[in-house]
Amino acid sequence: MNARTPMIGLALGSGSARGWAHIGVIEALAEINIHPSIVCGTSIGALVGAAQAVGELQSLRDWVLTIGLQDIIRLMDFSPSSGGLIQGNRLLEFFNDKYADVAIETLSTPYAAVATELASGREVWLREGSLMNAVRASIAMPGLFSPMQVDGRWLVDGGLVNPVPVSVCRALGAEIIIAVNLNGDLVGHRSQIPKALDVDANKAAETAGTLEKIMSAFPDQVKNMAQQYFIDNFNSSKDAPGYFDILSGSINIMQDLITRSRMAGDPPDLILSPRLSHIGLLEFNRAEEAIEEGRRCVRQALPRLQEIVGCRL
(Lines give C-alpha, C1' and ligand atoms only; values in the text may rest on other atoms or scores of the structure.)
Protein backbone atom coordinates (compact mmCIF):
# COMPACT_ATOMS: atom_id res chain seq x y z
CA MET A 1 0.00 0.00 0.00
CA ASN A 2 1.32 3.43 -0.96
CA ALA A 3 1.88 5.92 1.82
CA ARG A 4 -0.67 8.70 2.05
CA THR A 5 0.46 11.98 0.49
CA PRO A 6 0.82 14.55 3.27
CA MET A 7 -1.21 17.76 3.17
CA ILE A 8 1.15 20.49 1.97
CA GLY A 9 0.40 24.06 2.96
CA LEU A 10 1.84 27.09 1.17
CA ALA A 11 2.11 30.28 3.25
CA LEU A 12 2.62 33.25 0.92
CA GLY A 13 3.93 36.32 2.69
CA SER A 14 3.41 40.06 2.28
CA GLY A 15 5.76 42.24 0.28
CA SER A 16 3.95 44.54 -2.15
CA ALA A 17 5.53 44.47 -5.66
CA ARG A 18 8.03 41.84 -4.54
CA GLY A 19 5.07 39.47 -4.33
CA TRP A 20 5.30 38.51 -7.98
CA ALA A 21 8.09 36.20 -6.76
CA HIS A 22 5.31 33.99 -5.40
CA ILE A 23 4.39 33.16 -9.01
CA GLY A 24 7.89 31.85 -9.67
CA VAL A 25 7.85 29.85 -6.43
CA ILE A 26 4.56 28.13 -7.29
CA GLU A 27 5.68 27.40 -10.85
CA ALA A 28 8.99 25.92 -9.73
CA LEU A 29 7.29 23.77 -7.09
CA ALA A 30 4.83 22.43 -9.69
CA GLU A 31 7.73 21.46 -11.95
CA ILE A 32 8.99 19.08 -9.26
CA ASN A 33 5.47 17.80 -8.63
CA ILE A 34 4.79 19.73 -5.45
CA HIS A 35 1.21 20.97 -5.51
CA PRO A 36 -0.06 22.59 -2.30
CA SER A 37 -3.25 21.23 -0.80
CA ILE A 38 -3.79 24.45 1.19
CA VAL A 39 -2.94 28.02 0.21
CA CYS A 40 -2.88 30.93 2.66
CA GLY A 41 -1.73 34.43 1.88
CA THR A 42 -1.10 37.82 3.41
CA SER A 43 -1.31 41.00 1.34
CA ILE A 44 0.23 40.36 -2.11
CA GLY A 45 0.49 36.73 -1.03
CA ALA A 46 -3.30 36.67 -0.72
CA LEU A 47 -3.63 37.97 -4.27
CA VAL A 48 -1.26 35.45 -5.84
CA GLY A 49 -2.67 32.69 -3.64
CA ALA A 50 -6.18 33.52 -4.85
CA ALA A 51 -5.06 33.19 -8.47
CA GLN A 52 -3.55 29.80 -7.65
CA ALA A 53 -6.67 28.64 -5.81
CA VAL A 54 -8.98 29.46 -8.74
CA GLY A 55 -6.63 28.06 -11.39
CA GLU A 56 -5.71 31.43 -12.93
CA LEU A 57 -2.03 31.65 -12.02
CA GLN A 58 -0.89 31.47 -15.65
CA SER A 59 -3.33 34.22 -16.58
CA LEU A 60 -2.02 36.39 -13.75
CA ARG A 61 1.56 35.70 -14.84
CA ASP A 62 0.81 36.68 -18.42
CA TRP A 63 -0.72 39.95 -17.25
CA VAL A 64 1.94 41.02 -14.74
CA LEU A 65 4.67 40.51 -17.34
CA THR A 66 3.02 43.19 -19.49
CA ILE A 67 2.69 45.84 -16.74
CA GLY A 68 4.45 49.15 -17.36
CA LEU A 69 4.64 52.29 -15.25
CA GLN A 70 1.74 53.89 -17.09
CA ASP A 71 -0.42 50.82 -16.42
CA ILE A 72 0.27 51.14 -12.70
CA ILE A 73 -0.61 54.83 -12.73
CA ARG A 74 -3.92 54.14 -14.50
CA LEU A 75 -4.90 51.69 -11.74
CA MET A 76 -4.22 54.19 -8.97
CA ASP A 77 -7.21 56.24 -7.83
CA PHE A 78 -5.52 58.68 -5.46
CA SER A 79 -7.87 59.57 -2.60
CA PRO A 80 -6.18 60.72 0.64
CA SER A 81 -9.57 61.44 2.23
CA SER A 82 -10.40 57.71 2.09
CA GLY A 83 -7.71 56.82 4.65
CA GLY A 84 -4.99 56.00 2.14
CA LEU A 85 -3.26 57.51 -0.85
CA ILE A 86 -4.91 54.93 -3.11
CA GLN A 87 -8.56 53.99 -2.78
CA GLY A 88 -8.11 50.74 -4.70
CA ASN A 89 -11.44 50.66 -6.54
CA ARG A 90 -9.85 50.72 -9.98
CA LEU A 91 -7.55 47.86 -9.04
CA LEU A 92 -10.48 45.85 -7.70
CA GLU A 93 -12.58 46.58 -10.79
CA PHE A 94 -9.71 45.47 -12.99
CA PHE A 95 -9.43 42.11 -11.26
CA ASN A 96 -13.19 41.67 -11.29
CA ASP A 97 -13.10 42.20 -15.05
CA LYS A 98 -10.30 39.69 -15.59
CA TYR A 99 -11.25 37.07 -13.03
CA ALA A 100 -14.75 36.07 -12.01
CA ASP A 101 -15.33 36.55 -8.30
CA VAL A 102 -16.19 33.41 -6.35
CA ALA A 103 -17.09 32.50 -2.79
CA ILE A 104 -14.01 31.33 -0.90
CA GLU A 105 -15.87 28.40 0.62
CA THR A 106 -16.58 26.97 -2.86
CA LEU A 107 -12.93 26.69 -3.84
CA SER A 108 -11.58 23.18 -4.34
CA THR A 109 -8.30 24.26 -2.69
CA PRO A 110 -8.73 25.45 0.91
CA TYR A 111 -7.75 29.13 0.99
CA ALA A 112 -7.51 31.93 3.53
CA ALA A 113 -6.48 35.57 3.32
CA VAL A 114 -5.14 37.35 6.39
CA ALA A 115 -6.19 40.89 7.30
CA THR A 116 -6.06 43.11 10.38
CA GLU A 117 -9.09 44.65 12.08
CA LEU A 118 -8.23 48.34 12.30
CA ALA A 119 -10.30 49.06 15.42
CA SER A 120 -8.86 46.29 17.58
CA GLY A 121 -5.64 45.20 15.90
CA ARG A 122 -6.92 41.63 15.83
CA GLU A 123 -5.87 39.14 13.18
CA VAL A 124 -8.70 38.19 10.83
CA TRP A 125 -8.77 35.05 8.69
CA LEU A 126 -11.02 35.50 5.67
CA ARG A 127 -12.23 32.02 4.74
CA GLU A 128 -15.67 32.65 3.29
CA GLY A 129 -17.51 35.21 1.23
CA SER A 130 -16.18 37.19 -1.73
CA LEU A 131 -12.67 36.18 -2.76
CA MET A 132 -12.02 39.61 -4.29
CA ASN A 133 -13.12 41.43 -1.14
CA ALA A 134 -10.84 39.21 0.94
CA VAL A 135 -7.88 39.99 -1.31
CA ARG A 136 -8.65 43.72 -1.31
CA ALA A 137 -8.80 43.76 2.51
CA SER A 138 -5.57 41.83 2.85
CA ILE A 139 -3.60 44.19 0.57
CA ALA A 140 -4.78 47.42 2.28
CA MET A 141 -1.32 48.61 3.36
CA PRO A 142 -1.81 51.42 5.91
CA GLY A 143 -1.08 54.86 4.52
CA LEU A 144 -1.09 53.57 0.94
CA PHE A 145 -4.32 51.66 0.24
CA SER A 146 -7.52 52.68 1.96
CA PRO A 147 -9.11 50.21 4.43
CA MET A 148 -11.75 47.73 3.23
CA GLN A 149 -15.02 47.18 5.06
CA VAL A 150 -16.00 43.52 5.33
CA ASP A 151 -18.98 42.40 7.42
CA GLY A 152 -19.07 45.73 9.22
CA ARG A 153 -15.39 45.72 10.15
CA TRP A 154 -12.72 47.99 8.68
CA LEU A 155 -9.79 45.81 7.66
CA VAL A 156 -6.23 46.62 6.63
CA ASP A 157 -3.13 44.73 5.52
CA GLY A 158 -2.65 41.41 7.27
CA GLY A 159 1.11 42.00 7.32
CA LEU A 160 0.62 44.10 10.44
CA VAL A 161 -0.14 40.98 12.47
CA ASN A 162 0.90 37.91 10.46
CA PRO A 163 3.23 38.68 7.52
CA VAL A 164 3.83 35.00 6.67
CA PRO A 165 0.69 33.00 7.59
CA VAL A 166 2.24 29.73 8.74
CA SER A 167 -0.22 29.46 11.64
CA VAL A 168 -3.20 29.76 9.28
CA CYS A 169 -1.92 26.91 7.10
CA ARG A 170 -1.47 24.74 10.17
CA ALA A 171 -4.96 25.54 11.45
CA LEU A 172 -6.43 24.53 8.07
CA GLY A 173 -4.82 21.11 8.37
CA ALA A 174 -1.44 21.38 6.65
CA GLU A 175 1.05 18.73 7.74
CA ILE A 176 4.01 20.12 5.81
CA ILE A 177 4.30 23.90 5.47
CA ILE A 178 6.39 25.77 2.92
CA ALA A 179 6.61 29.47 3.79
CA VAL A 180 7.69 32.28 1.47
CA ASN A 181 9.14 35.30 3.28
CA LEU A 182 9.59 38.29 0.95
CA ASN A 183 10.92 40.67 3.60
CA GLY A 184 13.94 38.90 5.03
CA ASP A 185 16.57 41.12 3.38
CA LEU A 186 14.81 44.49 3.44
CA VAL A 187 15.75 46.11 6.74
CA GLY A 188 18.66 48.49 6.12
CA HIS A 189 17.77 49.10 2.47
CA ARG A 190 16.29 52.40 1.41
CA SER A 191 12.92 52.21 -0.29
CA GLN A 192 12.77 52.59 -4.05
CA ILE A 193 9.76 54.06 -5.80
CA PRO A 194 9.40 54.93 -9.48
CA LYS A 195 9.47 58.71 -9.86
CA ALA A 196 6.40 58.54 -12.07
CA LEU A 197 4.43 57.12 -9.15
CA ASP A 198 5.55 59.56 -6.46
CA VAL A 199 2.81 61.72 -4.97
CA ASP A 200 2.94 65.42 -4.30
CA ALA A 201 3.60 66.83 -0.86
CA ASN A 202 0.02 67.98 -0.28
CA LYS A 203 -1.42 64.49 -0.81
CA ALA A 204 1.25 62.95 1.37
CA ALA A 205 0.56 65.49 4.11
CA GLU A 206 -3.17 64.71 4.04
CA THR A 207 -2.33 61.07 4.71
CA ALA A 208 0.19 61.79 7.45
CA GLY A 209 -2.53 61.44 10.10
CA THR A 210 -3.20 57.87 8.97
CA LEU A 211 0.49 56.98 9.16
CA GLU A 212 0.87 58.63 12.56
CA LYS A 213 -2.10 56.66 13.91
CA ILE A 214 -0.69 53.39 12.61
CA MET A 215 2.80 54.12 14.00
CA SER A 216 1.41 55.05 17.41
CA ALA A 217 0.18 51.48 17.77
CA PHE A 218 3.60 49.95 17.06
CA PRO A 219 5.60 48.52 19.97
CA ASP A 220 8.37 50.80 21.29
CA GLN A 221 10.95 48.38 19.92
CA VAL A 222 9.68 48.96 16.38
CA LYS A 223 9.58 52.73 16.75
CA ASN A 224 13.07 52.81 18.25
CA MET A 225 14.46 50.63 15.47
CA ALA A 226 12.76 52.82 12.86
CA GLN A 227 14.35 55.93 14.38
CA GLN A 228 17.79 54.31 14.41
CA TYR A 229 17.29 53.09 10.85
CA PHE A 230 16.80 56.63 9.57
CA ILE A 231 19.73 57.95 11.65
CA ASP A 232 21.99 55.27 10.16
CA ASN A 233 20.79 55.66 6.57
CA PHE A 234 20.28 59.41 6.20
CA ASN A 235 22.71 62.18 7.18
CA SER A 236 23.46 65.74 6.15
CA SER A 237 25.07 64.59 2.91
CA LYS A 238 22.05 62.56 1.85
CA ASP A 239 18.51 63.42 0.92
CA ALA A 240 16.09 63.43 3.82
CA PRO A 241 13.72 60.44 3.90
CA GLY A 242 10.53 61.01 1.99
CA TYR A 243 7.00 59.85 2.68
CA PHE A 244 7.46 56.44 1.07
CA ASP A 245 10.86 55.93 2.73
CA ILE A 246 9.29 56.46 6.14
CA LEU A 247 6.18 54.41 5.38
CA SER A 248 7.83 51.41 3.76
CA GLY A 249 10.89 51.45 6.01
CA SER A 250 8.77 51.41 9.17
CA ILE A 251 6.50 48.66 7.87
CA ASN A 252 9.51 46.59 6.74
CA ILE A 253 11.02 46.79 10.22
CA MET A 254 7.74 45.89 11.88
CA GLN A 255 7.03 42.96 9.57
CA ASP A 256 10.56 41.61 9.90
CA LEU A 257 10.27 41.61 13.71
CA ILE A 258 6.81 40.05 13.67
CA THR A 259 7.83 37.40 11.14
CA ARG A 260 10.87 36.36 13.15
CA SER A 261 8.86 36.21 16.35
CA ARG A 262 5.94 34.23 14.93
CA MET A 263 8.03 31.73 13.00
CA ALA A 264 10.26 31.15 16.02
CA GLY A 265 7.20 29.99 17.93
CA ASP A 266 5.55 28.20 15.00
CA PRO A 267 8.26 27.32 12.44
CA PRO A 268 7.39 26.03 8.97
CA ASP A 269 9.13 23.00 7.54
CA LEU A 270 10.86 25.16 4.97
CA ILE A 271 11.33 28.93 4.60
CA LEU A 272 11.98 30.27 1.10
CA SER A 273 13.47 33.77 1.22
CA PRO A 274 13.88 35.36 -2.22
CA ARG A 275 16.43 38.18 -2.42
CA LEU A 276 14.26 41.10 -3.44
CA SER A 277 15.52 44.23 -1.68
CA HIS A 278 16.31 45.83 -5.05
CA ILE A 279 12.61 45.90 -5.97
CA GLY A 280 10.71 48.83 -4.51
CA LEU A 281 7.30 49.20 -2.90
CA LEU A 282 5.32 49.94 -6.08
CA GLU A 283 7.60 48.57 -8.78
CA PHE A 284 5.00 46.11 -10.03
CA ASN A 285 6.51 46.51 -13.50
CA ARG A 286 9.52 44.39 -12.45
CA ALA A 287 7.61 41.12 -12.45
CA GLU A 288 10.07 39.22 -14.63
CA GLU A 289 12.89 39.79 -12.14
CA ALA A 290 10.73 38.86 -9.16
CA ILE A 291 9.35 35.70 -10.79
CA GLU A 292 12.82 34.49 -11.73
CA GLU A 293 14.08 35.12 -8.20
CA GLY A 294 11.19 33.05 -6.86
CA ARG A 295 12.18 30.19 -9.16
CA ARG A 296 15.85 30.52 -8.18
CA CYS A 297 14.94 30.33 -4.53
CA VAL A 298 13.14 27.00 -5.07
CA ARG A 299 16.05 25.57 -7.08
CA GLN A 300 18.40 26.45 -4.24
CA ALA A 301 16.15 24.63 -1.77
CA LEU A 302 15.81 21.41 -3.79
CA PRO A 303 17.79 19.19 -1.37
CA ARG A 304 15.63 20.29 1.57
CA LEU A 305 12.44 19.95 -0.48
CA GLN A 306 13.39 16.43 -1.43
CA GLU A 307 14.01 15.63 2.21
CA ILE A 308 10.73 16.96 3.60
CA VAL A 309 8.37 16.21 0.70
CA GLY A 310 10.08 13.28 -0.97
CA CYS A 311 9.75 14.83 -4.42
CA ARG A 312 11.50 13.22 -7.37
CA LEU A 313 13.99 15.64 -8.90
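**A glutamate and its surroundings**

Reply: Glu 289 has a relative accessibility of 37%, so it counts as partly exposed; that class lies between buried, under 20% relative accessible area, and exposed, over 50%, with a 1.4 Å probe and protein chains only. The model is predicted: local features need pLDDT of at least 70 and side-chain atom pairs count only at pLDDT 80 or more, while totals for chains, interfaces and linings use all residues. Residues are numbered from 1 along each chain as its sequence is written, and side-chain values use heavy atoms, with hydrogens and water left out.

Glu 289 belongs to helix α11, residues 287-300. Helices (H or I, at least four residues) and strands (E, at least two) are DSSP runs numbered from the N terminus. Setting aside neighbours within four places in sequence, Glu 289 contacts His 278 and Ile 279, where contact means heavy atoms within 4.5 Å. The C-alpha atom of Glu 289 is separated by 9.8 Å from that of Leu 65, although the two residues are 224 apart along the chain.

Nine of its eleven residues, in the span 21-31, are buried, so α1 is largely enclosed by the rest of the structure. Among the buried residues of α1 are His 22, Gly 24 and Glu 27. Just after this helix, Asn 33 adopts a positive phi of about 65°.

The interior may be described through its nonpolar cores, which are sets of buried Ala, Val, Leu, Ile, Met, Phe, Trp, Tyr and Cys residues joined through side-chain atoms within 4.5 Å. The largest such core has 69 residues, of which Trp 20 and Tyr 111 touch the most other members. Helix α2, residues 44-53, gives the most to this core, with seven residues. Beyond four places in sequence, the contacts of Tyr 111 include Ala 46, Gly 49, Ala 50 and Ala 53, as well as Leu 126 and Arg 127.

Strand β4, residues 111-117, pairs antiparallel with strand β8, residues 153-157, over three bridges; two strands pair if DSSP finds at least two bridges between them. Ala 115 stands opposite Asp 157 in β8. Strand β7, residues 148-150, is also joined to β8 by three bridges and runs antiparallel to it, with Met 148 partnered by Leu 155. β7 and β8 form a hairpin with two residues between them, and Asp 151 in the turn has a positive phi of about 50°.
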